[in-house]
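Thanks, everyone. Let me put the structure up, and then we'll walk through a few helices.

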Amino acid sequence: MRRHEIIEQLSSDLEAVRPLAAPWQGAALWGAAAWAIVLALTLATGPLRAGALSALGEHLRYTFEAFLGLALGAVAIHSALVLGVPGAARPFFRVAAVLALAAAWMGAFVYGLWHPAFPPSMLGKRAHCMVETYLFSLAPLLLGMIALRRRIALERAWAGALVGAASAAIPAVVMQIACMYDPLHILVYHFTPVAALALAGALAGVVALRRL
């Protein structure tokens with residue numbers, strides 16, 4: 001059989017497919033959808049804390065705390081999608097970057113136990129903020145797992161864990177402006193779901209993501 005005949009035979013059953021978006025594009029689309037969902041759910045279940053938005057411009061530490069959460073979510077989802085491209089990156093460096101941001105974010109609140117960004121108060125307290133943080137994370141987690149299923153994540157547990165962390169980071173940041181400001185309260189009720197969703201995402205990655 002001639003070479004061109006072999007090529008024709010091998011390619012006869014192939015179908016054109018749409019190429020996947022680059023990881024940064026996928027992360028941007030996911031972020032836009034996840035933020036829209038979380039903000040809509042947050043506003044549907046109660047108002048933002050009075051003065052919370054203006055406080056972002058008045059207290060640099062408070063703004064920095066929110067920025068660390070934003071950075072964690074963005075880096076985590078981008079890293080997860082990068083891990084969905086075989087051979088694109090080593091998981092250690094991606095996970096290490098996210099862990100460093102998580103440690104910095106948690107450290108900012110631990111420091112705030114003694115030196116808060118501004119005086120803590122019960123203003124804006126949501127009675128079920130931890131439950132809401134978990135629930136508001138579910139839709140972003142599902143979207144992230146769907147995005148990963150279209151790729152081939154060799155490190156399924158790590159990729160899933162990163163999606164879980166990114167999914168919970170968004171409602172955790174939103175709760176900083178929707179719920180009461182108190183570093184201890186934030187650590188226990190807003191930050192804990194980030195770690196829990198990372199573990200849940202790791203399990204979901206092992207179970208749900210396709211294997212080679």
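Helices here are DSSP runs of H or I, at least four residues, numbered from the N terminus. On that count, His 185 sits in helix α8, residues 183–208. Keep in mind that this is a predicted model.

Let's stay with His 185. Is it buried or exposed? His 185 has a relative accessible area of 7%, so it is buried; the cut-off for buried is under 20%. What does it touch? Setting aside neighbours within four places in sequence, His 185 contacts Lys 125, Cys 129, Cys 179, Met 180 and His 190. One of these, His 190, also makes a polar contact with His 185, side chain to side chain, at 3.4 Å.

Next, Ala 165. This one is in helix α7. Ala 165 is buried too, at 7% relative accessibility. Leaving out residues up to four places away in sequence, Ala 165 touches Val 194, Leu 197 and Ala 198. Now take Ala 165 and Ala 202. They are 37 residues apart in sequence, and their C-alpha atoms are 9.7 Å apart.

Last, a helix pair. Two packed helices are described by the angle between their axes and the distance between the axes. For α5, residues 91–112, and α7, residues 156–178, the angle is about 25° and the axes are 11 Å apart. Angles under 35 degrees count as roughly parallel, so α5 and α7 are roughly parallel to each other. The crossing of α5 past α7 is left-handed.

Which residues meet? From α5, Pro 91, Val 95, Val 98, Trp 105 and Phe 109. From α7, Trp 158, Leu 162, Ala 169, Ala 172, Val 173 and Gln 176. By class, that contact has 10 nonpolar residues, 1 polar and no charged.

Terms used:
Residues are numbered from 1 along each chain as its sequence is written. This is a predicted model: local features need pLDDT of at least 70, side-chain atom pairs count only at pLDDT 80 or more; totals for chains, interfaces and linings use all residues. Side-chain values use heavy atoms; hydrogens and water are left out. Axes are lines fitted to C-alpha atoms, for helices over the stretch in contact, and angles run from 0 to 180 degrees between N-to-C directions. Helices (H or I, at least four residues) and strands (E, at least two) are DSSP runs, numbered from the N terminus. Angles under 35 degrees count as roughly parallel, over 145 as roughly antiparallel, 65 to 115 as roughly perpendicular and the rest as oblique. A crossing is left-handed if the near helix is turned anticlockwise from the far one by less than a right angle, and right-handed if clockwise. Contact means heavy atoms within 4.5 Å. Ala, Val, Leu, Ile, Met, Phe, Trp, Tyr, Cys and Pro count as nonpolar, Asp, Glu, Lys and Arg as charged, and the others, Gly among them, as polar. Buried means under 20% relative accessible area, exposed over 50%, partly exposed in between (1.4 Å probe, protein chains only). A polar contact is a pair of N or O atoms within 3.5 Å; within protein, one must be able to donate a hydrogen and the other to accept it, and residues adjacent in sequence count only if both atoms are side-chain atoms.
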